[in-house]
Amino acid sequence: MLRFILRRLLQTIPVLFVVATVTFFMLRVAPGGPFDEEKRIPEEIVRKLEAHYGLDKPLWQQYLIQMKNLLRGDFGPSFKYPKRTVNELIADAFPVSLELGCYALLVALTLGIVAGVIASLRPNTASDYVPMALAMIGICFPTFVTGPLLSNYFGLQLGWFNPGGWFFPEDRVLPALTLGFYYAAYISRLTRGGMLEVLNQDYIRTARAKGASESRVVVRHALKGGLLPVVSFMGPAAAGLLTGSFVVETIFNIPGLGRFFVMSAFNRDYTMVLGTVLFYATLIVLLNLVVDVILVWLNPKLKFE
Amino acid sequence: MNASPSSALLSVSNLRTSFYTRNGVVRAVNGVSFSLGKGETLGIVGESGSGKSVTCYSLMRLIPQPPGKIESGSALFDGIDLLTAPEELLRRIRGKRISMIFQDPMTSLNPYLRIEDQLIEPLLIHERMPRAEAVKRGIRALEEVGVPDAARRIRGYPHEFSGGMRQRVMIAMALITRPELLIADEPTTALDVTVQAQILELVKRLQQELGMAVIWITHDLGVVAGFCQRVLVMYAGRIVESASTERLFARPKHPYTRALQSSIPALQSKGAELYTIPGLPPDLSKPLPGCPFVPRCAFAEEHCKQPVELMEVEPSHHSACLRVQRGEIQL
Amino acid sequence: MSVAAELPNLTPPDAIEAEPGSSLWLDAWHRLAKNRLALISAILLILLAGACFIGPLVVTNTYYEQNLALGATPPSARHWLGTDKLGRDQFVRILIGGRVSIMVALCATFVSLTIGVTWGAIAGFVGGKLDAVMMRIVDILYSLPFTIFVILLMVLFKDFEARFRWLEDYGIPFNLLLLFGAIGVVEWLTMARIVRGQVMSLRKQEFIEAAHALGLRRRRIIFRHMIPNILGPVIVYTTLTIPAVMLLEAFLSFLGLGVQPPMSSWGLLIKEGAEVMEEYPWLLLFPGGTLGLTLFALNFLGDGLRDALDVRASKD
């Protein structure tokens, strides 16, 4: 297993290299620069700034310098927040996104798996249709529709929560629900499908023939196989939770990494953009690796290879 | 029937099971009655779709409901009606007093769980045995069914076992609680011929050691001949003949049984052309008032289309052929 | 459990020559026609698409015409779904937004069909080293954070717009093109994987070997046996792609990265609606509802198609 993980980690290096290179050149090919937007900075100062950040060197030199710094894990100074490094900015903003993501994941997994299992136990009855109809609604109304609605209704009209912000524990509720519901809907459908497939297997009949109770059949015999599709989905889902948080962070005014990223792209904050993209890429690659390890661990037929 | 009610371990009467599919109601089991004494071995023979498996799954209430439905009947096991007993009571019988082994050992073991966990599960469920002790029993059970290196292999997963070995594991699992009745649903069909014989011998040996009753479902009359004391022949969801094994082979009393026998290569003289039954079994979603075998029967007459019941035609020998019952034909 | 109808399929070999696919498709069609929800969805989608393309031509209001004096009004006889803050007719803006969504859907379908199917089919058919290399590329692309790249693409190249003004003379906003490009890049990967997997498994399957054994020519095998079998998953996956890309477009436009005003798109309308939700709730509800309804219909149709085309599922 250790070899498997090591090999996979080695494989991520070229991927991250490609990501860094593509991002670097995309940033430079794109029109505009970090110091364009503020009006009327004297030419001289702009040139000084550019020299300070090494932007006056030939592009290939900049690229090499950048890559060397990246190898050391140094994302460099931010252009827009001159006193701070990109590393510091990410370290500040990411925990917020992570916290939101964890709550949302918790909501998504609990709701999704419970609803999916319930639906799968009595297919084509009310206890199947009701959760699945809810799931369909969840899938069809994306976060940027439900978010404003929840914020308006529970925040402004009922006044149970603050409509936005990230100051008090209760501020976590609405964003986590908004983000979590959407993925709960997917997870419940996957759970139902996986469970239905497994519950029709011969070995479930064997378990019943042994006198196992219905709950034992579900928990001990069916769940492990039935949740495999959900686990495979967790890789993309976790990535989706991260990027999905862009919208939720915007709606609820949360100082997370998602908003930072979009803003820095608008501002042509080269180092910040590159830093966040690489950070996200690493995160997603690692998450996929974790998911693969869990998949092998759950399914004895698979081997680490 | 032949076993008197007092000594009967299991007595089934008028069992009817249907499946409600989109193509109509399939009457998979249509009025089946039989009984089984303690320690007796009973064979149930028939083609696929004849209702032999459904009969046994109905007894254990392992029919998926819906689409399946047990319409009527009773199955008394030690005074308990398996068909109407509360789920809780039935669970205490399943896997403890009545065990099953299945046709396909490849799919009947849970691929996600270690052999150990599956094998000792009946002990944990029914006898509340401490785990360590149960594992010891499990290893012994594996050794009994001839799994080599049992102490190590018990930690393995099903996919690491061959088909024959998996069926041995299934048997060990079914017998680990010393049941009074073993229902074997074509346990050798999916295996190689040589392995088939080994499994059959194994069950025979264990049956004698434990003195349990066995219901052996098969489409292979040859298997029945070497193992079972009594045979039920099923066709289209009904029993068409029931007799002791010797009688059934020596003097079959139903044209279908006769036809089945003629299609076993080993029973034919060398060079004789092997018989194949013409046509296909009837569609069970259509009503079949008369004898269901009529369209394929070499002896059928016009009056065979009227309703017919299973009747004793000779002592302890029942047939559902109207012409045999009336003494019109000798087979 | 062996119930009835477990009989082997006794089709004689010469039956293979006669119409192998048509009965399958006919079967699928019958199953689909019986699925009322899917049928209603299909009709709804057709009506919606028709309205989006014909509606703006018929209705006298336009999507860009402002009426600042009027401002935001609730639904009325003149403006069926009300007007936004700038007095623009919400109904026409939703229809125009629908056009954008449909174009995005068509574009993504086109890309995923051309690139994805070709890529997957070649990899699956040729196999060996080429397959390994091609799928490795897909794997690498897959592990990239694509939504992030799409966002980046949209942000960074928005300003190229000035150079492509001439496009707008032909009625094609540069932003839309950019959006199509960005979405297209992402959408062929899964399709390539699906098609390759299908081709690989089909190549090994017995009935293809049987066809080989019967001496059928390669072309015949491909056209009569493989394509009908691949088409099912491709159709089903396409119906899943369409709602996904519509959502992606709406997502980008909501973040202000997609379609720009005065052009209209559902995501943009939802964004504008969300900002003024308290005072003018209909500005959020109508575009949000339209998007939701469309996605509903697409999902139900997709589910229906999957049930209808999946031969395995029909045997239960």
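B:R178 counts as partly exposed, at 45% relative accessibility (partly exposed lies between buried, under 20% relative accessible area, and exposed, over 50%, with a 1.4 Å probe and protein chains only). B:R178 sits in the loop between α8 (163-175) and β7 (181-185) of chain B (helices are DSSP runs of H or I with at least four residues, strands are runs of E with at least two, and both are numbered from the N terminus). Its phi is positive, about 50°, although B:R178 is not a glycine.

This is a predicted model, in which local features need pLDDT of at least 70 and side-chain atom pairs count only at pLDDT 80 or more, while totals for chains, interfaces and linings use all residues. Residues are numbered from 1 along each chain as its sequence is written, chains are lettered from A and ligands numbered from 1 in the order in which they are written, and side-chain values use heavy atoms, with hydrogens and water left out.

**Backbone: positive phi**

- Most residues other than glycine have a negative phi.
- B:R61 has a positive phi of about 50° and is not a glycine.
- The loop that holds B:R61 runs between α1 (52-59) and β4 (68-77) of chain B.
- B:R61 is buried, because its relative accessibility is 16%.

**Interface of chains A and C**

- The size of an interface is often given as the accessible area lost when the parts come together.
- Between them, chain A and chain C bury about 3,600 Å², with 82% of it on carbon and sulfur atoms (buried area is the accessible area, with a 1.4 Å probe, that two parts lose on being put together, summed over both).
- On the chain A side, A:M26, A:M136 and A:F144 lose the most area to chain C, together 18% of what that side buries.
- In contact terms, 41 residues of chain A meet 40 residues of chain C (contact means heavy atoms within 4.5 Å).
- There are 0 salt bridges between chain A and chain C (a salt bridge is a side-chain nitrogen of Lys or Arg within 4 Å of a carboxyl oxygen of Asp or Glu).
- Elements giving two or more residues to the side of chain A that touches chain C include α1 (2-29), α7 (173-199) and α12 (270-298) of chain A.
- α1(A) gives the most to that side, with 8 residues.
- By class, the side of chain A that touches chain C has 33 nonpolar, 5 polar and 3 charged residues (Ala, Val, Leu, Ile, Met, Phe, Trp, Tyr, Cys and Pro count as nonpolar, Asp, Glu, Lys and Arg as charged, and the others, Gly among them, as polar).

**Chain C**

- Chain C has 11 helices and 0 strands.
- Of the 316 residues in chain C, 48% are buried.
- Among contacts in chain C between residues at least 6 apart in sequence, 70% join residues at least 24 apart.
- Chain C has an accessible surface of about 15,600 Å², 66% of which belongs to carbon and sulfur atoms (Shrake-Rupley method, 1.4 Å probe; for residues, only the protein chains shown count as cover).

**B:S108 and chain A**

- B:S108 lies in helix α3 (residues 105-108) of chain B.
- With 1% relative accessibility, B:S108 counts as buried.
- Its side chain reaches the backbone oxygen of B:D104 at 2.8 Å.
- Leaving aside neighbours within four places in sequence, B:S108 has contacts that include A:D202, A:R205 and B:M170.
- The side chains of A:D202 and A:R205 themselves meet in a salt bridge, at 3.9 Å from N to O.
- Both residues lie in helix α8 (residues 202-209) of chain A, 3 residues apart, about one turn of the helix.
- A:D202 is partly exposed at 22% relative accessibility, whereas A:R205 is buried at 11%.

**Other salt bridges**

- The whole structure holds 34 salt bridges over all chains.
- B:D78 and B:R97 pair through their side chains at 2.6 Å, N to O.
- B:D78 is in the loop between β4 and β5 (80-81) of chain B and B:R97 in the loop between α2 (87-93) and β6 (98-101), so the pair ties together parts that are 19 residues apart in sequence.
- B:R152 forms a salt bridge with B:D149, with the closest N and O atoms 2.7 Å apart.
- B:R152 is exposed at 55% relative accessibility, and B:D149 is partly exposed at 43%.
- Salt bridges that share partners join B:E116, B:D117, B:R131 and B:R155 into one network.

Technical notes
A polar contact is a pair of N or O atoms within 3.5 Å; within protein, one must be able to donate a hydrogen and the other to accept it, and residues adjacent in sequence count only if both atoms are side-chain atoms.
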